Amino acid sequence: MLQYLRSKGSSMHMLQNSFSNYFRQIILQPRKLATDLHQMDTSTFLLSAKYFRSGKSIETAFTTIDFGDIKNQLMQIPGGNRSLFETSWKKCLPLISSLQCLELVIETLRLTSGIYLQPEMVLNLPKDLHEETFKNITTVFKELYNKMAARTRRAIYEWMRQTLQRSYKPPGLNGSGSWITAENLWFLGQYIVHLPLEEIQKINPNEIRLFINYDNATKQLDSVYDITPATAKAFQERIDASGFDLINTSTVYRLGLLVCFFDNVQELDAGEARSLLHQMIKCNRLKGFQVAVRKLKSQLLELVLKNQTLNESLDSISDAIAGLSFTQLESLSAEAVRNAISVLRTVTGWTKSQMIVLIDKFIGDSKQLSVFNISQLGELMLGVSAGLLYNMSAEGLAQAVRGTLSEHAAQLSAVQRMAVVTKMVETSDISSVLDLLNGSFLKELSVSSLLKVKDYNITRLDHKELRRSQALYLYNVVSDGKPGSEIISVGELAKGLTCEQIQSLDNTTFLPVAEVLKSNLDLLSSHQLNCLAWKYQQEAPTLMPPLLLATLPHVVLEDAAQSVCRLLLFSLGRAELQLIIPDSTKRNEVIRRAFQCLNYTLQDEYDVDVLGGMICNLSPQTIKTNISLKALTEAFMQFRSCKNLSNDQKIEIRNKIREYYSTPTAWQPELIQDLGPLVTFLSKEDLTIVAEKFPDVLLQLALDVEGMAIFQDFLAVVFSTLIRATENDKLSSLTPGCRGFTVPSFDQILKLADANSYWSVQELSCMSTQTFIKSVEHLGALKSFDMIQLIALKDKAKMAWGPIRSWKKYQVVALGRIALALNESEIKELELGSIDTVAALSQQKEWTPTQARSMLEGFLRDSGLTVDAMKEWDLVGLGSLLCAMTDQEVIFLSASTYSAAAARISEIVCGVEILQELLKKARYGFGNVTAWDNFILQEVGTVADMDYQ
């Protein structure tokens, strides 16, 4: 090649440039790399692959090729890994038995976690591989099981089955018998979940016995996360038929996740039930069927409690205790809770209300917390009141912040965190507090407190998360003549870099700062990004990161060279566009320009890779006409992660699914699993077909998409599917007026998720009080109930718990959205003395002004506080209820208390009169508005807007 190019007059310099340009091109266009590699003859391809794998630099007569650098760059760009994997697969499949090809395929499979392996690619695998080759490649398939698509896993199982069947030599003269031997069961690993029921039923009992006796059988069965109840029960039957006693403790231990579907509860005694419960802790790993697991645990718990009281059994019933009702938790003695606290703290699945009950039992009459107590509680800390935390000794609280509290800081409420921070600020110097706090705790520290910090060691801010207002102030504190590049390289101080500071940099100082910021662009606000982009435009336009181009005026982006296109796509595809470009009109212009780089068409999966998250912003018309069939499979996978698709976008995606996969009558459950939330976009007719074929899959999907914006057709089909499936278990009610109505059961409520909104008011009214008490927190968390349904549930709460004035704080917290149905006079009956209770209520955003006023008055009345005596965490807990104050009441707010909670209050939008009074408090706390620094403006937020108005 070198001689040919020289004969054409190519100089050494031209050759070097040609190679450099070529390698730059294949890094920016993985599709071209895939095409070029595919066109090579096999020996050349394998030589190229060898160089890629080695990552070494290769010296030629006219240039040095750094394969390590090329490989690293390919790993970083969308589609880079795909090009290496797909080419290796296609080129090496015919030669898979050769060591070099086998190693290459295995390496690229591991490199890409198997995510690019498609079912049709698996179908092309040879069925007559050498035994060692077969074992090596299936080993990787088993390693990557949980990372691959469901259809790919199914295709791999079919290929493994065909190979194992072909190599099976049945014993005896007649040559009959199942190919599923003990060794083959072990060999299949997690893929045993794909065995058909009829095949499982044919397994020889001797083979099952051998398999269960394998040392690693338990580990294998512990890993079958996606097993179905039917498959699990089929295995149980064969194990039972092989002579094992399924009730025996040693057998139960060997069953792995099969225990989650145990079917003979009536045969167990209390000890056996307890043993089974302990094994069922692992059932949380299952990918579905948690409602059935919960029901089984409840049945086993009933058996355990036949011979012992709940107080006696509390520390020996595993995580089934998370299913205890409020009544059962209330019945516990304080001593039993304290004795079992080491078990209770490890249980997952507690609700906030359950934690409140347990904490009240644990604390008892002492109403005091120690460091030791906190270390005992673990996640149960979430049920501790803010007042208890504040009343701890300063030394003890500081010690707790270094330990257990910091582990759970992000899960604590803002009220709890603010109580902790307030105590620290009141009892320690602010520099020590800044040293101590991290993460979510540090973010509650007010700028008004930080103003006392005049000097601070910059290195102590490394790895600390900061609010923008905190970063703005601390940037100035620690700068002290230091280079900007040094300051912004520490922790999150880059958030504190102002536009003025960016503009003041000259060419010499700008480039080091820009280099640091390149890897920290995610810390910058849209305003900072825009300022940085203009500075690049002035000082070093050719060095500007492509992402910054998107923040400049549209005309600048339109004039950008075509050579920037690919890099722009790479950057935008990975970015949160709403954060970088808040203005929707500008954002749409940027997306249009980016899509222009792809010639307004998604040609194949490589284009989808490059487009990345921007696919969520494609217009319905673009989805309809500009995505080729070749790109659709990957496009569907990308659409799955889109959180805010419009209804019109969803309809076009639905049409594409129908176009690509045809009618659901031919679908398999694995396709539904792979499409995931996209299935909810289907028409009612198509969903009905899916429901009739795979009701369990559809019901599991309803749980997976709970809380998302879902088409009503999907919820309606889910509801009718479950009601039809449980018609034989229909509960009858003796309540007057309920005869003939379907009575909601606890299991149905858990399975329906958002489809619970299809219960009629009459059906909700006919629910038993026991069912209501069990399911109140699930029902209260649903956003899909209308006010008439919420009123029916409120009335059910009155029936279950008695008069409202007798309701306890955990019951009020448990109500969730149901509390919105309380009228003003009912709210006045609530016990609202705890700011933690009020904070839980303030999370709801649909209160009327009169309801909000009633709650505010109730809090002041029951807590005994006056407005001027409220603490920082009281203001934080009130949240939007603060807007229910009168302007005269706001006058009495402590200015220092407001200043400490200003950052939280800045997120609230109140009426003009309230904001004007809060502005006066801000002036009192921070001085005249004209003298406010940027960090104060950032801290007070919406309140500062009043001055401009």
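## A buried tyrosine and its ring partner

Tyr 661 is buried, with a relative accessible area of 14%, where buried means under 20% relative accessible area, exposed over 50% and partly exposed in between (1.4 Å probe, protein chains only). This is a predicted model, in which local features need pLDDT of at least 70 and side-chain atom pairs count only at pLDDT 80 or more, while totals for chains, interfaces and linings use all residues. Residues are numbered from 1 along each chain as its sequence is written, and side-chain values use heavy atoms, with hydrogens and water left out.

## Aromatic pairs

Rings of Phe, Tyr and Trp (its six-membered ring) pair if their centres lie within 6.5 Å, with planes under 30 degrees apart counted as stacked, over 60 as edge-to-face and the rest as tilted; by this rule there are 24 aromatic pairs. One of them joins Phe 636 and Tyr 661 in a tilted arrangement, 5.8 Å centre to centre and with 35° between the planes. This pair links distant parts of the chain, since Phe 636 belongs to helix α44 (residues 629–639) and Tyr 661 to helix α45 (residues 647–661), 25 residues apart; helices here are DSSP runs (H or I, at least four residues), numbered from the N terminus. Phe 636, at 0% relative accessibility, counts as buried.

The rings of Phe 719 and Trp 759 have planes at 85° and centres 4.9 Å apart, so this pair is edge-to-face. Phe 719 sits in helix α49 (residues 712–725), whereas Trp 759 is in the loop between α50 (746–752) and α51 (761–765), 40 residues apart, and both residues are buried. Elsewhere, ring pairs connect Phe 134, Phe 141, Trp 159 and Phe 187 into a cluster.

## Salt bridges

Side chains of opposite charge can pair when their charged atoms come close. Counting a salt bridge as a side-chain nitrogen of Lys or Arg within 4 Å of a carboxyl oxygen of Asp or Glu, the total comes to 41 salt bridges. In one of these, Lys 71 meets Glu 107 at 3.7 Å, N to O. Lys 71 lies in helix α5 (residues 67–76) and Glu 107 in helix α7 (residues 99–112), so the bridge ties together parts that are 36 residues apart in sequence. Lys 71 counts as buried at 17% relative accessibility, while Glu 107 is partly exposed at 28%. Both residues also belong to a network of salt bridges with Arg 53 and Glu 103.

Within helix α35 (residues 507–518), Glu 515 and Lys 518 lie three residues apart, about one turn of the helix, and form a salt bridge whose closest N and O atoms are 3.5 Å apart.

Conventions:
Helix = DSSP H or I, 4+ residues; strand = E, 2+ residues; numbered from the N terminus.
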